[in-house]
Amino acid sequence: MNNIENNLQKNIEKALHDLYELEDTSLIMIEIPRDNTNGDYSTNIAMRLAKVLRRAPQIIAKELSEKLTEICDDVEKIDVAGPGFINFWMKKTALGNIINQVLEKGEAFGENESGENLPILIEYVSANPTGDLHAGHARGAVWGDSICRLLKKSGYDVLREYYINDAGAQMLNLGKSVYARYAECFGENVEIPEDGYMGEDVKIIGQNLAKELGDEWLHKEEGRVEYFRERGYEVELEKIKRDLKNFGCEFDSWISERSFYESGRVEKCIEKMREMGLTYDEDGATWFRSTKWGDDKDRVIVKADGSLTYLTPDIANHIYKFERGYKKLVNLWGADHHGYIPRMKAAMMAFGHEENDLEVDIIQMVRLIENGKEVKMSKRTGNAITLRELMEDIGVDAARYFFLSKAVDTHLDLDLTLARKKTNENPVYYVQYAHARICSVLSQAPKYKPVQNFNLLTSAKETDIIKYLGEFTSVVADAAKTRMPNKVCNYVYKLAGYFHSFYGSYKVIDPENMELTNQRIGLLMAVKDVLASGLDLLGVSAPEKM
């Protein structure tokens with residue numbers, strides 16, 4: 001909420017207490033009416049209290065409006081409309097204060113303490129280091145990154161973590177695949193495993209190792225697969241890190257699955273589960289009693305042959321997250337992991353955590369569309385389009401914005417043709433152009449002279465902008481709480497629209513009215529700062545020229 005809404009909230013709370021001795025203020029909602037003729041702000045509290053007070057909402061609204069008229073200093077007029085809406089027209093000085101709040105804080109405007117410094121660990125991407133990241137990974141990467149930006153701006157203690165799946169059969173298959181490509185360089189025909197990796201990247205790794213090592217590994221078998229696994233792993237992981245960094249996604253922690261085995265954490269986790277009575281043995285296997293905590297069936301953690309299921313190190317991983325002091329865990333998983341959620345939640349609850357201490361956001365599929373048709377394969381390699389190719393094609397800004405523009409739990413069609421356009425049809429261009437246009441105007445404008453009162457900004461288009469600027473902090477807090485960066489996309493797009501509409505109707509620099517010019521310059525500076533701050537939360541640049 002901005003200061004105006006905060007003051008209205010407090011005044012409504014006081015009025016409810018004074019008139020009806022009500023302490024519960026959870027029903028109060030303050031909104032900006034779509035139609036300016038209905039005031040600057042509005043509340044439907046009278047209708048929401050009708051059942052509680054057992055009175056007609058119009059009567060409640062009338063009593064409240066009379067009381068609020070007495071105690072609201074920033075309000076010019078209060079009116080009751082329709083079935084019980086209470087509409088507020090603010091004094092121009094009150095609206096102008098929003099501009100000064102933005103100018104005082106600059107790009108820090110929007111910061112809030114709604115997170116109350118809650119330690120929260122966000123795990124995202126976590127793709128196997130066996131190949132290139134593709135468009136599906138890209139959506140999860142940018143969504144996780146933007147969530148972290150929002151949480152940090154909202155006062156959470158955030159850790160961004162990448163869980164490296166570097167144990168198990170897929171890594172041995174990587175080693176075998178790299179060796180096969182290495183041996184191929186010396187005329188040897190070594191078969192790549194059925195579940196191996198046929199990509200061009202693995203072929204290049206093998207070729208580079210052949211140049212570096214010569215044929216020494218053709219003559220020794222001991223440790224061969226493990227060696228080529230490690231060399232392939234190093235290259236693939238470094239490539240993932242580089243691509244993510246270029247995409248604006250950096251992590252605070254890269255934690256290895258293999259490290260849980262090497263440190264003994266997995267074995268200790270199994271022992272602890274047995275000690276706590278969370279397991280039982282049947283058919284030679286060890287089972288976790290996950291149905292006790294809501295799973296549809298119990299789960300094997302140790303197979304009859306002594307090997308572990310995927311669930312076992314995952315439990316150890318999540319327990320370690322809590323041991324490090326994080327109170328809230330959030331994972332971003334692909335849609336194919338949906339059925340995995342109940343068993344992981346059951347494990348955390350079995351260890352004494354609350355059901356919602358671990359939450360999982362599911363990332364739905366992405367389709368790349370060009371000229372109305374789905375694009376599945378890279379023209380260059382014939383394989384799935386990689387994150388790197390996508391960045392080269394449409395650019396980082398467009399890719400990030402489009403991935404963030406729609407809720408992650410819905411399917412996304414990314415229109416490559418639209419994303420390449422340098423016109424207002426392209427939403428990210430439309431928003432960035434608003435910022436660049438403001439920079440251009442300000443570069444030609446007189447130096448702004450700070451004022452307390454923006455009393456000359458009286459047009460509907462100007463007050464629309466001012467009120468919407470005041471919404472930014474609550475949008476940030478809400479987008480952080482719900483983990484929905486698309487709300488910020490919607491906000492900056494709408495703010496850009498308000499600005500473009502204003503700019504098309506009014507002259508900013510008017511030599512015949514320098515007082516109005518100065519106030520409009522202040523307004524544009526505030527819009528510029530909020531656009532830049534919003535775009536930064538999306539990891540999108542705010543260019544000064546386009």
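## Charges over rings

A charge sits over a ring when NZ of Lys or CZ of Arg is within 6 Å of the ring centre and within 35 degrees of the ring normal. Keep in mind that what you're looking at is a predicted model. In it, the charged end of lysine 220 sits over the ring of tryptophan 217, and the distance to the ring centre is 4.3 Å.

## Rings meeting rings

Tryptophan 217 turns up again when you look at rings paired with rings. Together with Tyr179, Tyr182, Phe186, Tyr227 and Phe228, Trp217 belongs to a cluster linked by ring pairs.

Search the whole structure and you get 24 aromatic pairs. Take phenylalanine 109 and phenylalanine 472: their ring centres are 6.3 Å apart and their planes are at 20 degrees, so this pair counts as stacked. Where do these two sit along the chain? Phenylalanine 109 is in the loop between α5 (92-105) and β5 (119-123), while phenylalanine 472 is in helix α19 (residues 472-482), so the pair ties together parts 363 residues apart in sequence. Phenylalanine 109 is buried, with a relative accessible area of 4%, and phenylalanine 472 is buried too, at 1%.

## The nonpolar cores

Now for the inside. The largest nonpolar core has 133 residues, and Phe88, Leu244 and Phe403 are the ones with the most contacts inside it. Which helix gives this core its largest share? That's helix α21 (residues 514-538), which supplies eleven residues.

Setting aside neighbours within four places in sequence, leucine 244 is in contact with Val125, Leu133, Ala141, Tyr162, Cys249, Phe251, Trp254 and Leu387.

## What about the cysteines?

A disulfide is a covalent bond between the sulfur atoms of two cysteines. How many disulfides does this model have? The count is zero. Cysteine 148, for instance, is in no disulfide: the nearest cysteine sulfur belongs to cysteine 249 and is 9.4 Å away, whereas a disulfide needs the two sulfur atoms within 2.5 Å.

Is cysteine 148 buried or exposed? Its relative accessibility is 0%, so cysteine 148 counts as buried. Cysteine 269 has a relative accessibility of 8%, and that makes cysteine 269 buried as well, because buried means under 20%.

Terms used. Residues numbered from 1 in each chain as written. Predicted model: local features only at pLDDT ≥ 70, side-chain atom pairs only at ≥ 80, totals over all residues. Heavy atoms only, no water. Buried < 20%, exposed > 50% of the residue type's maximum accessible area, 1.4 Å probe, protein only. Phe/Tyr/Trp six-rings, centres within 6.5 Å; stacked < 30°, edge-to-face > 60°. Helix = DSSP H or I, 4+ residues; strand = E, 2+ residues; numbered from the N terminus. Core = buried A, V, L, I, M, F, W, Y, C linked by side-chain atoms within 4.5 Å. Contact = heavy atoms within 4.5 Å.
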